[in-house]
Amino acid sequence: MRSAAISTQTSSRSSKSSWHSALVTSRHFVIIENPHRRPATHLFDGTRRRSVPENRTFVPVCYLPWYVDVRDSSGIDPASTRLPLKEGEKAGRCVVEEHRYRRIFASSPVAQALSDAEGLFVDVNAAYCELVGLSSSELIGRSATVHTHPDDLALHGNVEDLMAAGTAAGKSVKLEVRFVRPNDEIRWVLLTLVPFVGPSDADWTLAAVLDITERKEIEDGILRASRTDQLTGALNRRGWSDYVVSVVDDHSVDTVVAVLDLDHFKQFNDNFGHAAGDALLRDFVSTARSCIGDDGLLARWGGEEFVITLRNCDRRDALRSLEALAAAIASSGVTFSAGYTLQRPDEGLRNTLDRADALMFQAKRAGRNRMVTDAPH
């Protein structure tokens, strides 16, 4: 143990205290001794009043005062007995601050995790464990890949570069990623990553994690509504432009675009009413989805006109899907005219759509209830 003489200015209520003190620090407590063997009355540390009936007392470091008032029984305050706390003060301050911050970290309602230079967890708080559905023992020594969504692993791999860029700009790094809980529940989170100095000045990272799942669900709902036809649930024009064009780039191959128009739909509405017409459109979309499969994307282009985009498909397969759709709706008494074409190399998908639209009008002029395509390029 190491000792140092100390003295402190405390509450004025302790002006009648009488003692000369020495401080001995250990890991969990300090020992304050009275070498004059005069009975001390009380110790005021700004937090708790402690009786000192004997010539020494044990004071927990979390209640260690910065200074100890030293006075004799007459109330005189000899300057020679008031010495600044040096090594003891530094040690006590360090322990108190570490204790305080660890309690803040552990009890924070905000999920937090501390990672070392290798990206491995060195500490996580209870809120973080609750968010990811894993215990601290299952996380410490492992990286965030253990609960990161597979589609976001590439972003996780770029964290080091993002942190370097953020540090250079003097800004924290914010990322929106998905966490997967053990029950396969997906939670969207906002990660705020802050540089943290670890032992030996190592580059550690402190992550504050905010669950934004509810916000993302609202945002996704708004986005879906803006991209979806309200009546049928198919994509609308904006949905096709935003989504399909992003899925099928301008350099893809084996993509067929078909434009369909229901024949004599206005006459159907006039004969059976608009409610029946709406029901027919909804049934058509449902049937079309089952015929075009998972690689097919359906959009309502307006009125009774639809666009079908078939990925990983050639003209022969496209014709089979269109014929299957025509057979499936035959019982409704409604037919359709279609034009379809294969996307050409280095051709924008909108140009493919324009060519399919022109082919659909050829089918209508040729007598409706037919499918027309162009010659291979």
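Analyst: In this predicted model, five strands make up an open sheet with mixed pairing, and their order across the sheet is β13-β14-β12-β15-β16. At the edges lie β13 (296-302) and β16 (371-373), each of which pairs on one side only. If direction is ignored, neighbouring strands of this sheet are turned against each other by 20 degrees on average.

As a general point, the strands of a sheet pair through backbone hydrogen bonds, in either a parallel or an antiparallel way.

Helices also pack on this sheet. Helix α7 (residues 237-247) touches β13 and β14, and its direction makes about 150 degrees with that of β13. Helix α9 (residues 274-292) touches β12, β13, β14 and β15 (336-342), with its direction at about 155 degrees to that of β13.

Finally, a word on confidence: the protein chain has an average pLDDT of 79, and 73% of the residues score at least 70. Over residues 1-83, however, the pLDDT is below 50, although this stretch has 159 contacts in the model beyond near neighbours in sequence. Where pLDDT is low, predicted coordinates should not be read in detail.

Key: Residues numbered from 1 in each chain as written. Predicted model: local features only at pLDDT ≥ 70, side-chain atom pairs only at ≥ 80, totals over all residues. Heavy atoms only, no water. Pairing = 2+ DSSP bridges. Helix = DSSP H or I, 4+ residues; strand = E, 2+ residues; numbered from the N terminus. Axes fitted to C-alpha atoms, helices over the stretch in contact; angles between N-to-C directions. Contact = heavy atoms within 4.5 Å. pLDDT = per-residue confidence, 0-100.
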